[in-house]
Amino acid sequence: MESCFLRRSDLGGRQCNHMQTYVANKEKEAAKKTAIEAAGNMLKTGKLSVEEVAACFTELSIEDVRHLKEEMMQAV
């Protein structure tokens, strides 16, 4: 495994894929967390179905939104 701390020339022009993957995963996690919070707010209004809410977010599947709704109902 290559170290992310090597000089660019030591990597032979290749970028450190491990760090890029880590950052990309963190960005996806943050986007999903934000989408879950927004979807929860949308579900609270009761104006949209699970399917309609899921269609608003590329980060969430219908199953994600169903699970969120179930959690919200159990919390009440």
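**A walk through the model**

Modeller: Arginine 66 and glutamate 63 sit three residues apart in helix 3, so about one helical turn separates them. Helices here are DSSP runs of H or I with at least four residues, strands are runs of E with at least two, and both are numbered from the N terminus.

Colleague: What joins the side chains of arginine 66 and glutamate 63?
Modeller: A salt bridge, at 2.8 Å from N to O. The term means a side-chain nitrogen of Lys or Arg within 4 Å of a carboxyl oxygen of Asp or Glu. An α-helix has 3.6 residues a turn, so residues three or four places apart point the same way.

Colleague: Before we go on, what kind of model is this?
Modeller: This is a predicted model: local features need pLDDT of at least 70, side-chain atom pairs count only at pLDDT 80 or more, and totals for chains, interfaces and linings use all residues. Residues are numbered from 1 along each chain as its sequence is written, and side-chain values use heavy atoms, with hydrogens and water left out.

Colleague: How many helices and strands does the protein have?
Modeller: Three helices and zero strands. From the N terminus on, the order is α-α-α.

Colleague: Back to arginine 66. Which glutamate in helix 2 does arginine 66 pair with?
Modeller: Glutamate 51; their side chains meet in a salt bridge of 3.2 Å, N to O. Arginine 66 is in helix 3 and glutamate 51 in helix 2, so this pair ties together parts 15 residues apart in sequence.

Colleague: Is glutamate 63 buried or exposed?
Modeller: Exposed, at 51% relative accessibility. Buried means under 20% relative accessible area, exposed means over 50%, and partly exposed is in between, with a 1.4 Å probe and protein chains only. Arginine 66 is partly exposed at 33%, and glutamate 51 is partly exposed at 39%.

Colleague: How many salt bridges are there by this rule?
Modeller: The count comes to four. One of them joins the side chains of lysine 32 and aspartate 64, at 3.4 Å from N to O. Lysine 32 lies in helix 1 and aspartate 64 in helix 3, so the pair ties together parts 32 residues apart in sequence. Lysine 32 is partly exposed at 32%, and aspartate 64 is partly exposed at 27%.

Colleague: Switching to helix 1. What span should its 29 residues have?
Modeller: Helix 1 covers residues 17–45 and should span 42 Å at 1.5 Å a residue; its end C-alpha atoms are 42 Å apart, which agrees. The expected span is 1.5 Å times one less than the number of residues.

Colleague: Which residues of helix 1 are buried?
Modeller: Ala35, Ala39, Gly40 and Leu43. Their cover includes helix 2 (50–55) and helix 3 (62–75).

Colleague: What follows helix 1?
Modeller: Glycine 46, with a positive phi near 75 degrees.

Notes. Contact means heavy atoms within 4.5 Å.
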